[in-house]
Amino acid sequence: MEAEVIVMSTPYIARELKDEYCLIAQKCTSCGVIIYPMKHKICPSCGQIQEERKEFRLNPRGKVVSYTVQYVPGPGAKEFTPPMILVVADLEGGGRISGILTDCAPETVKIGMPVKLELRSLYTVGGLDVYSHKFVPLGE
Amino acid sequence: MQVAVIGCGMTNFGEHYGNSLRGLVEDAYLNAIKSVDKGFDPRDIQAVWYGTLGSSWAGFPISDYTGLSGLPVSRLENACATGSDAFRNACFAVAAGVYDVALVIGAEKMNDEPCQSLWDYQAMEIWNIGRSMPAVFALRATRHMHEFSTTREHLARISVKNHHHGALNPRAHFRFDTTVEKVLKSRMISYPLSLLDCCPMTDGAAAAIVCRSDIAKRYTDSPVHMIGTGLSADTTYGTITDEQLVGFPTTVKASREAYRMAKLEPKDIDVVELHDCFTITELVSYEDLGFCRKGEGGKFVAEGRASLDGEKPVNPSGGLLAKGHPTGATGVAQIVEIFEQLRGQSGKRQVSDASVGLTHNLGVAPEGTVALVSILRRG
């Protein structure tokens with residue numbers, strides 16, 4: 001029996017999850033790049049200092065830009081069991097987001113496939129049930 | 001001030017369960033001293049740069065391992081480009097006229113205590129959720145295949161080529177030939193990358209001695225001069241751009257800086273050691289280093305242009321795929337290979353009449369990338 005290794009920090013969860021639940025991103029006031037999920041005072045893309053944090057509500061619908069299927073256990077939580085599909089998707093209205101694609105057969109994932117972000121259980125760590133978004137197939 | 005490399009040494013790369021980090025560093029350091037043609041007194045060393053990603057948490061163990069107690073030792077960490085950055089900073093100190101002779105050591109013990117905790121931690125955060133290192137590169141491979149009709153066969157050819165080179169290298173971790181069919185049928189790790197598309201977990205150390213070019217002849221009649229260096233770091237955190245999904249813009253920037261400093265172009269490079277942590281990394285690096293156009297990396301390897309007898313021999317050592325990838329040692333070991341290639345000391349894997357060599361060392365994490373390119377010329 002392997003002991004659970006707690007690698008997640010509870011301050012991180014407290015700090016970030018509110019925005020993750022509501023899909024609140026930040027839009028650079030200069031170049032317009034959409035940053036998710038953490039808050040930035042300086043745009044990582046163009047370097048512009050952000051006088052105020054301009055919130056941007058992500059549209060959960062998007063299309064797969066690239067993907068991989070992990071056939072070996074990945075790092076992180078014990079819940080990340082193979083095969084696990086990981087995608088990068090462009091959301092309608094802006095934002096390029098990475099995440100787990102679930103409820104999908106690995107052999108059916110393809111670039112251009114419509115997907116949607118849904119609030120799902122991610123893992124349990126240190127007695128905390130952590131929820132955030134996963135992608136699911138939207139159907140043609 | 002110009003900078004020359006006068007001696008280089010390394011350990012065999014592999015799974016050194018019977019050797020400690022200290023033992024590996026000692027072996028690489030002693031081999032570097034022994035390689036100096038006219039002999040070398042360690043008391044000539046004035047400063048040390050030590051590259052390790054996670055095997056030590058400071059620089060001072062090197063004072064202990066080398067017996068150079070009291071000298072300045074700086075420990076450097078810059079992801080998988082750590083070793084090259086240690087080399088670069090030692091060269092800068094010599095070029096600035098601060099020291100006449102400096103030692104560079106890169107070392108990593110990957111198989112004793114894998115430094116997994118940070119990676120585990122990051123894989124719990126939503127922006128990087130669940131990603132292994134192969135997955136980070138596989139996401140680029142899938143996109144490159146989609147945009148440029150690159151195939152898994154193209155990737156497999158890189159594995160076949162580098163394993164062939166590794167079979168000729170007595171210091172390589174893997175010394176066997178493979179075939180395209182075997183690569184394609186090896187266990188899938190993170191689609192489209194299978195086991196033989198991935199580098200192994202390797203222990204090893206490498207060392208280089210650098211000095212002012214104008215005193216190099218005291219130590220050897222055939223020094224190798226460091227004539228160009230470039231480094232670039234970027235972010236993929238906020239959003240990953242289209243360019244970052246099919247290559248590494250940091251490789252483009254670092255190489256252009258190095259070419260400009262060396263007053264050379266990609267066509268002038270005779271031999272290359274580049275960062276093939278996965279086959280896709282080598283394929284996009286042909287493009288990003290300017291050896292072919294974006295999207296033509298698959299064709300470049302399929303035509304044999306990167307083979308030992310091709311127009312642009314890439315990874316004659318076997319690269320990370322076959323020689324192995326002890327992270328902090330990798331960049332220094334690339335310098336070792338180019339040093340020996342330019343001096344005609346590479347045995348069965350010798351590139352004929354090589355006078356200019358290039359090393360490319362890449363660090364990739366979910367939040368960004370760092371690339372480092374060095375150009376060396378036979379003295």
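Which residue of β11(B) stands opposite Thr235(B)? Gly368(B) does. The model is predicted.

## The sheet of chain B

Chain B holds an open sheet of nine strands with mixed pairing. The strand order is β3-β2-β4-β7-β1-β8-β11-β10-β9. Neighbouring strands in this sheet are turned against each other by 25° on average, direction ignored.

Which strands stand at the edges of the sheet? They are β3 (73-76) and β9 (271-273) of chain B. Each has a single partner strand, so one side of each is left without a neighbour in the sheet.

## Around strand β11(B)

Strand β11 of chain B covers residues 368-378. Is β11(B) mostly covered or mostly open? It is mostly covered, with nine of its eleven residues buried.

In the sheet order, β11(B) sits between β8 and β10. Strand β8 of chain B, residues 224-235, pairs with β11(B) in the antiparallel sense. Eleven bridges link β8(B) and β11(B). The pair from the opening belongs here: Thr235(B) faces Gly368(B) in β11(B).

Strand β10 of chain B, residues 356-365, is also antiparallel to β11(B). This pairing runs over ten bridges. Two residues lie between β10(B) and β11(B), and the two strands form a hairpin.

In general, strands of a sheet pair through backbone hydrogen bonds, either parallel or antiparallel.

## From β8(B) to β1(B)

Strand β8(B) also pairs with β1 (residues 3-10) of chain B. The sense is again antiparallel, over three bridges. Here Ala4(B) has His225(B) in β8(B) as its bridge partner.

## An enclosed helix in chain B

Helix α13 of chain B spans residues 327-342. How many of its residues are buried? The count is 16 of 16, so α13(B) is largely enclosed by the rest of the structure.

The length of α13(B) agrees with expectation. At 1.5 Å a residue, its 16 residues should span 22 Å, and the end C-alpha atoms are 24 Å apart. Just after α13(B) comes Gly344(B), with a positive phi of about 70°.

## Chain A in outline

Chain A has one helix and eight strands. From the N terminus on, the order is α-β-β-β-β-β-β-β-β. Its C-alpha atoms fill a box of roughly 50 × 40 × 20 Å along the principal axes. Of the 140 residues in chain A, 36% are buried. Take the contacts in chain A between residues at least 6 apart in sequence: 48% of them join residues at least 24 apart.

Ser45(A) lies in the loop between β2 (34-35) and β3 (55-57) of chain A. Why does Ser45(A) count as buried? It has 20 C-beta neighbours inside 10 Å, and 20 or more is the cut-off for a buried residue. Ser45(A) and Ile13(A) are 32 residues apart along the chain, and their C-alpha atoms are separated by 25 Å.

## Where the chains meet

Between the chains, 32 residues of chain A are in contact with 31 residues of chain B. On the chain A side, α1 (10-22), β2, β4 (61-70), β5 (84-91) and β6 (96-101) each supply at least two residues. The largest share, six residues, comes from β4(A).

What classes of residue make up this side of chain A? There are 21 nonpolar, nine polar and two charged residues.

Technical notes. Residues numbered from 1 in each chain as written. Chains lettered and ligands numbered in written order. Predicted model: local features only at pLDDT ≥ 70, side-chain atom pairs only at ≥ 80, totals over all residues. Buried ≥ 20, exposed ≤ 12 C-beta atoms within 10 Å, placed from the backbone. Helix = DSSP H or I, 4+ residues; strand = E, 2+ residues; numbered from the N terminus. Pairing = 2+ DSSP bridges. Contact = placed C-beta atoms within 7 Å. Nonpolar A, V, L, I, M, F, W, Y, C, P; charged D, E, K, R; others polar. Expected span 1.5 Å × (residues − 1). Axes fitted to C-alpha atoms, helices over the stretch in contact; angles between N-to-C directions.
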